[in-house]
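User: I have a structure here and would like to go through it with you. Could we start with the ligand and then turn to helix packing?
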Amino acid sequence: MTRILLLGGTGDALRIARHLGPNDVYSLAGLGKVPHDLPCAVRIGGFGGVEGLTRYIVQERIGLLVDATHPYAAQMSANAAAASGATNVPCWALRRAAWDAQEGDDWRMVGDWAELVAALKPFARPLFTVGREPLAHLHEIPSHQFWTVRMLDQHPGNARARILDARGPYTAEGERALFTSGAFDVIVSKNSGGAATEAKLDVARERGLPVIMQRRPVLPPVQRAFSGITRLIDALPK
Ligand code: NAP
């Protein structure tokens with residue numbers, strides 16, 4: 001029987017985990033909630049780079065690696081592909097399709113944090129929806145800006161930043177209400193793809209708001225890539 005190691009940390013990964021067996025393992029970095037109602041084992045925390053993951057795969061007799069991490073979790077995806085190469089254990093991956101800009105969208109593509117800050121300069125009230133990274137920069141907020149940062153954990157913020165702890169999926173109605181109360185003039189986003197967090201882009205388009213979009217990282221090739229979870233779940237060894 002093939003023992004599966006599923007690398008997770010996303011809603012899609014959790015859905016896949018519900019189709020695993022008691023012999024399989026669901027692995028989380030440990031940033032968010034830990035599910036306690038899964039049919040498989042759950043392990044938390046990093047493996048210790050490619051070496052640690054390679055060791056784990058061998059010791060635990062893993063026969064299939066499934067990378068269902070977030071499209072921006074590039075380090076973990078690179079480690080998974082490298083450990084797969086080192087052990088000859090195949091790696092499959094969920095490679096969620098990116099969102100495409102539509103008519104009426106005003107997307108401004110950025111790479112690193114410095115580019116993001118430069119693109120943000122003309123604006124006063126950004127909504128950040130890019131996870132924890134803005135927390136490291138709360139003391140650098142220019143005097144003409146007030147930031148709203150939406151992320152999974154709670155954080156006190158400061159005089160020029162408010163942190164909203166929230167978890168998708170988000171609806172257009174909810175996003176409209178938030179955009180109105182926050183008086184945002186720009187949205188900062190990753191190109192995560194998928195339906196759960198797409199409503200912010202629809203509402204930004206409706207309101208003519210620009211979106212500063214972080215470019216996707218390049219992910220390594222794998223033995224099998226799936227764009228959605230249904231096919232991946234159907235293909236899992238039973
Ligand atoms: P990352 O930069 O690619 O990973 C950093 C390190 O975290 C990895 O090298 C690994 O440590 C550990 N790690 C990541 N995912 C793991 C997993 N599933 N199981 C065990 N260790 C894991 O990724 P990240 O941006 O920190 O994201 C961490 C987690 O949050 C991922 O599971 C990802 O799916 C989820 N997430 C990320 C984003 C995002 O935008 N980046 C958004 C939503 C959810 P070792 O090298 O020690 O093994």
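User: How many residues surround the ligand, and which are the closest?
Analyst: In this predicted model, the ligand is surrounded by 23 residues. The closest are G8, S27, F47, M76 and K190.

User: Turning to the helices, how do α2 and α3 pack?
Analyst: Helix α2, residues 49-59, and helix α3, residues 74-87, pack at an angle of about 50°. Their axes are 9 Å apart. The two helices are therefore oblique to each other, and their crossing is right-handed.

User: Which residues make that contact?
Analyst: From α2, the contact uses G49, V50, L53, T54, I57 and V58. From α3, it uses M76, N79, A80, A82, A83, A86 and T87. By class, nine of the contact residues are nonpolar, four are polar and none is charged.

User: What does T87 touch?
Analyst: T87, which is found in helix α3, touches T54, I57 and V58, leaving aside residues up to four places away in sequence.

User: Where does its side chain reach?
Analyst: The T87 side chain reaches the backbone oxygen of A83 at 2.7 Å.

How values were computed
Residues numbered from 1 in each chain as written. Predicted model: local features only at pLDDT ≥ 70, side-chain atom pairs only at ≥ 80, totals over all residues. Heavy atoms only, no water. Axes fitted to C-alpha atoms, helices over the stretch in contact; angles between N-to-C directions. Helix = DSSP H or I, 4+ residues; strand = E, 2+ residues; numbered from the N terminus. Parallel < 35°, antiparallel > 145°, perpendicular 65-115°, else oblique. Left-handed = near helix turned anticlockwise from the far one by under 90°. Contact = heavy atoms within 4.5 Å. Nonpolar A, V, L, I, M, F, W, Y, C, P; charged D, E, K, R; others polar. Near = heavy atom within 4 Å. Polar contact = N/O pair within 3.5 Å; in protein donor to acceptor, adjacent residues only side chain to side chain.
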